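Here's a chain to look through, from its overall make-up down to a few single residues. Have the viewer open as you read.

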Amino acid sequence: MPRKGMRSICFSPRTASFSVSRQSMSPSRTSLSSTPRRRFSQSMIDQTFDAAATIIMKWDAETSSYAKVTSLFYESKREAMQFIRSVDELQKIMHLLVSENSGSEKLIRAQNLMQIAMKRLQKEFYQILSMNRAHLDPESVSTRSSRASTRSSTSDYDDDGSLDEEIRAAGDSISEVEEVSSIAMSDLKMIADCMIASGYAKECINVYKVIRKSIIDEGIYKLGIQKTSSSQVNKMEWDVLDLKINNWLEAVKISLKMLFTGERILCDHVFASSDSIRESCFADISKEGAMLLFGFPELVAKAKKSPPEKIFRVLDMYTAISDNWQEIETIFSFESTSAVRLQAINSLVRLSESVRSLLMDFESTIQKDSSKAMTAGGGLHPLTIYSMNYLTLLGDYSSILTDIISDWPPPAKSSLPVSYFDSSDSEDSPAPAISVRIAWLILVLLCKLDGKAKHYKDVTLSYLFLANNLQHVISRVRTSNLQCILGEEWIAKHEAKVRQFAANYERLAWGHVFTSLPENPTASMTPAEAKDYFRKFNSSFEDAYWKQSSCVVTDQKLRDEIKVSIGRKLVSMYRQFYHTHKSTLGDERSVRLFVRFSPEDVGNYLSDLFFGRVTSESSSTSSSTSSHHRRHMLSPLRA
């Protein structure tokens, strides 16, 4: 809608149509609206003029002390209705007199009367707006069932009793507050229609703008939205800025659902007779506050201080604007409020740019991590925990991230060694941008962990470290929205890598224990050979156990899988060898000397692995059953 200037608004009035039923006509209220000019008698004009003059002068605050301290609309709604009708009839008489004799004395009197009437209506308009601030607050207005429910005009009342009936009906269906709000809105609309039709739009809207803008400004201030410069935001500590962002997120909800919505409803209703006036009024009242509201995210996005957690606040702000975009477009649909829509769009653009920048910072943080301290027992690295916490939270913003990075060029694979990329990736069916980006960030993490694994002097710990950390990555993916982003194929591929790492660990850590037993455990051999095999098994198993007792496998599923894999092979082989050759060792003394472990002992020792080094102190903190069990198993190894 093209914007219209105030001159055209105020000096090109539309004439409202007011109808009165025939039953309610009386000599003092004879309507001129349907009588052709040539049939008007002078007596009819005089009669109508005198009737209008009587009620208008009655409410002239300059000549009546009663009128000075009394509100017309609060004192008598019926008389207020009559006043409005009299002004309407006076306006018609003035049009008639202008066409006949523009310099007549009666026309001058009519103009004076009209000025008195408009001054009165302007005062009434101000009083209704002022005295009903609590009932015309945006929350009360916005919670009304619909804008149409409050539409009314003088034509709604066909006789003197219809107004009271309408009020009683409203009181039966809505709360007391809403009833007062409904009546006030109807009264404001009647006055606005009358003043606009009489050519006094400027006086009407000036009053409206002053009062309503103060309400919007006050509401914005109470929501904690204040004018802030870019330099002020840059100087804020993150904790302070974070609080302001939290406050802004709440302010957006309230302002869109109540503050601006309520004002738009009220403005549309009161000035329904003029599209240009309602547009001008709403723009002048709401624009400043809305620009402050939607300008704040842009300042945050541009802020130089960027702690890692800032990205989640930026995404929250992007979500708040994006999710409410339809409401923003609806509320600020006028051309004169296009600056508000543009500001909201600019904030979205700046926020999306900030998200991309922060994602690159996160990638850089991973790549630049220079810590060389290794986690005990091949456990989880702090970088893994931190990175997956970060990525898991990002997964909760998948829909918003999809919008932000949909047109972002994919990462350059040249920044990582070729060996890290799966040749099965196809360019013919590219994955969604968000899937590519998240997978890339995890790949950067895994490459960094691969480098850290090389710092272990014991290669078995390197493989256990890689298995532990990759398993943690997979677990976090499976239990978050990252599962939907990366897909089952990605998970299956990386689970296979975990199994490969675990198998390598098993081969290097326990291979010499397996080889300490004959390939065929039940093959016949001499007692000396059997004693030698038992001696080698005792030594290799005890050595492996004590070395691996310090290892940690944090994921229960992976821990059980590794134990089962080792136990299924080792215990089975040893049990066959044990039962086949134990009897060949000679007397009981020889058996005790060469056989230090039963198959059950081996299984029990294996079950205690991957919780960290077993000590007497740790055993004493366990349950009594567990303590007894561990003391029993440890005694052969201490002998």
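What follows is a short tour of a predicted model.

## The chain as a whole

Let's start with the big picture. The protein chain has 27 helices and zero strands. It runs to 639 residues, and 50% of them count as buried.

Take the contacts between residues at least 6 apart in sequence: 82% of those join residues at least 24 apart.

## The main nonpolar core

How many residues are in the largest nonpolar core? The count is 177, and Phe 125, Phe 271 and Trp 510 are the ones with the most contacts inside it. Helix 12 (residues 238–270) supplies the largest share of this core, 14 residues. In soluble globular proteins, nonpolar side chains tend to be buried together.

Setting aside neighbours within four places in sequence, Trp 510 is in contact with Tyr 505, Phe 541, Ala 544, Tyr 545, Gln 548, Ile 566, Leu 570, Leu 606 and Leu 609.

Phe 83 sits in helix 5, which spans residues 77–100. Is Phe 83 buried or exposed? Its relative accessible area is 0%, so Phe 83 is buried, the cut-off being under 20%.

Not counting residues up to four places away in sequence, Phe 83 touches Ile 55, Ile 56, Trp 59, Leu 72, Ala 117, Arg 120 and Leu 121. One of these, Leu 72, is 11 residues from Phe 83 along the chain, and their C-alpha atoms are 8.9 Å apart.

## Phe 610, a loop residue

Where is Phe 610? Look in the loop between helix 25 (599–607) and helix 26 (616–620). Despite being in a loop, Phe 610 is buried, with a relative accessible area of 1%.

The backbone is worth a glance too. Most residues other than glycine have a negative phi. Phe 610 is not a glycine, yet its phi is positive, at about 75°.

Which residues make a nonpolar surface patch of about 240 Å²? Leu 342, Ile 345 and Val 349 do.

Val 349 belongs to helix 16, residues 338–368. With a relative accessible area of 38%, Val 349 falls between the 20% and 50% limits and therefore counts as partly exposed.

Methods
Residues are numbered from 1 along each chain as its sequence is written. This is a predicted model: local features need pLDDT of at least 70, side-chain atom pairs count only at pLDDT 80 or more; totals for chains, interfaces and linings use all residues. Side-chain values use heavy atoms; hydrogens and water are left out. Helices (H or I, at least four residues) and strands (E, at least two) are DSSP runs, numbered from the N terminus. Buried means under 20% relative accessible area, exposed over 50%, partly exposed in between (1.4 Å probe, protein chains only). Contact means heavy atoms within 4.5 Å. A nonpolar core is a set of buried Ala, Val, Leu, Ile, Met, Phe, Trp, Tyr and Cys residues joined through side-chain atoms within 4.5 Å. Patches are made of residues with over 30% relative accessible area and no salt bridge: like charges are joined within 9 Å, nonpolar side chains (Val, Leu, Ile, Met, Phe, Trp, Tyr) within 5 Å. Accessible areas come from the Shrake-Rupley method with a 1.4 Å probe; for residues, only the protein chains shown count as cover. A salt bridge is a side-chain nitrogen of Lys or Arg within 4 Å of a carboxyl oxygen of Asp or Glu.
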